[in-house]
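Hi,

Here is the structure I promised to pass on. Have a look at it first, and my notes follow below.

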Amino acid sequence: MSRRGFATRQVHERARRDGDARIATSRATPIYLTAGFEFGEYDDAAAHFGRGEGYAYTRIGNPTVDAVEHTLAALEGGSQALLLASGQAATTVALLGLLEAGQHVVSSTHVYEGTRGLLRDNLSRLGITTTFVSEIDDLEAWEAAILPTTRVLFAESISNASNRLVDIPALADLAHRHGIALVIDNTFATPYLVRPLELGADVVVHSASKFLAGHGSVLGGAIVDSGRLDETSLGRLYPHLTAPGRGGVPSVFERVGGDARIAYAREAVAPRFGPTPSPLNAFLIGQGVETLSLRVERQSANALAVAQWLAGRPEVASVDYVGLPAHRDHHLALRDLPDGFGSVFSFTLHGDADTARAFVEALEVFTHMTHLGDVRSLVLHPASTSHAALTDAERAAVGVHDGTLRVSIGIEDAADLIDDLSHALTVASDVPVAVLA
């Protein structure tokens with residue numbers, strides 16, 4: 001199946017199960033909406049708790065969830081996937097599976113504010129520190145930030161909200177020279193546009209609530225692991241993966257080899273912190289994945305048309321879309337995003353927050369909400385919402401100003417989106433701009 005095209009695999013890639021031919025087999029993924037599972041024979045319970053065979057409790061494993069994990073791993077080109085209750089849970093579990101108190105992360109500054117908050121405010125309380133790199137195209141800046149205690153480099157494949165890209169192969173080489181893991185949030189790009197594991201990354205995380213599910217109806221997150229480990233540095237940098245388990249049982253690495261990272265996350269982090277996905281949500285995410293390429297292809301084409309139109313409007317000061325030649329990372333987009341440049345980007349209006357307010361309130365086709373990756377086009381004013389807690393200087397550093405708006409382009413007719421934006425620009429241009437004394 002791996003040699004077939006992406007669109008074929010997203011529909012047909014699933015775990016095959018041997019079963020009694022007399023039992024009806026559903027072509028769609030069955031929903032096992034149950035907290036627990038019956039054991040057959042008495043010894044089945046011991047086999048599950050001793051060797052992980054079969055199913056016992058949905059927090060530990062569920063056939064519906066497993067089916068979606070199998071598909072996601074195949075589409076990302078990974079070894080295994082782990083489905084969780086949200087994208088934030090996926091990032092948290094992935095990091096806690098690699099880090100402990102006294103250790104360090106180097107992260108791009110250009111990441112989702114929820115991730116910045118997790119690194120800056122929450123993990124710091126657990127003794128895990130972070131250095132943020134602003135000039136993410138400067139490998140020397142990344143290397144200068146690496147400490148003896150660094151265990152993770154973290155970045156987004158397409159950043160929120162200024163559409164910055166990182167050179168994933170170069171960053172992977174840097175991480176591997178130091179024996180540490182490169183974790184990439186691939187939410188904006190999806191595996192249809194870029195597969196970071198194939199470019200050298202070690203771990204990918206997703207907010208499956210976005211493009212993977214695609215319809216704004218459910219929450220979910222995913223971790224996908226490459227299955228590649230640097231065995232020479234593993235015991236020194238990640239001793240929890242090579243240490244014997246309680247009672248002298250073999251270490252995670254001895255049991256599963258290259259899948260040690262994700263096995264540890266699955267066995268020791270996710271079930272204990274408890275961000276278990278609902279089997280119903282897993283089913284809906286799996287249904288969404290079956291049309292992923294169709295939606296993302298259409299959304300990317302629409303976004304390029306909208307971004308090109310906005311770039312030519314006198315009311316617009318700048319458009320941060322990596323598909324435009326003027327974007328500073330366009331050369332990387334041409335190399336790494338051959339099937340489209342994504343559909344989430346920001347643009348900045350001439351004017352101030354009142355101009356942005358008038359613009360948003362005049363839109364009729366775009367939905368005003370805090371989400372992205374939907375089949376519907378969405379708009380948000382980051383300075384008053386997602387980035388409101390930052391200082392003016394911090395907002396400016398990530399490309400967010402009073403007149404900045406983030407859009408997630410959907411599958412509507414591009415002409416209707418442009419008409420809607422044109423009307424809103426006309427309304428907003430009539431709003432007086434505040435003059436500072």
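Helices α13 and α17 cross in a right-handed way (right-handed if the near helix is turned clockwise from the far one by less than a right angle, left-handed if anticlockwise). The contact (heavy atoms within 4.5 Å) is made by N302, A305, V306, W309 and L310 on α13, and by A414, L417, I418, L421, S422 and L425 on α17. Those residues divide into nine nonpolar, two polar and no charged (nonpolar being Ala, Val, Leu, Ile, Met, Phe, Trp, Tyr, Cys and Pro, charged being Asp, Glu, Lys and Arg, and polar the others, Gly among them).

Before you go further: this is a predicted model, where local features need pLDDT of at least 70 and side-chain atom pairs count only at pLDDT 80 or more, while totals for chains, interfaces and linings use all residues. Residues are numbered from 1 along each chain as its sequence is written, and side-chain values use heavy atoms, leaving out hydrogens and water.

Zooming out, the chain has 17 helices and twelve strands (DSSP runs numbered from the N terminus: H or I of at least four residues for helices, E of at least two for strands). Along its principal axes, the C-alpha trace spans about 75 × 55 × 35 Å. Of the 437 residues, 53% count as buried (under 20% relative accessible area, with a 1.4 Å probe and protein chains only). Among contacts with a separation of 6 or more, 72% come from residues 24 or more positions apart.

Cheers

How values were computed
Buried < 20%, exposed > 50% of the residue type's maximum accessible area, 1.4 Å probe, protein only.
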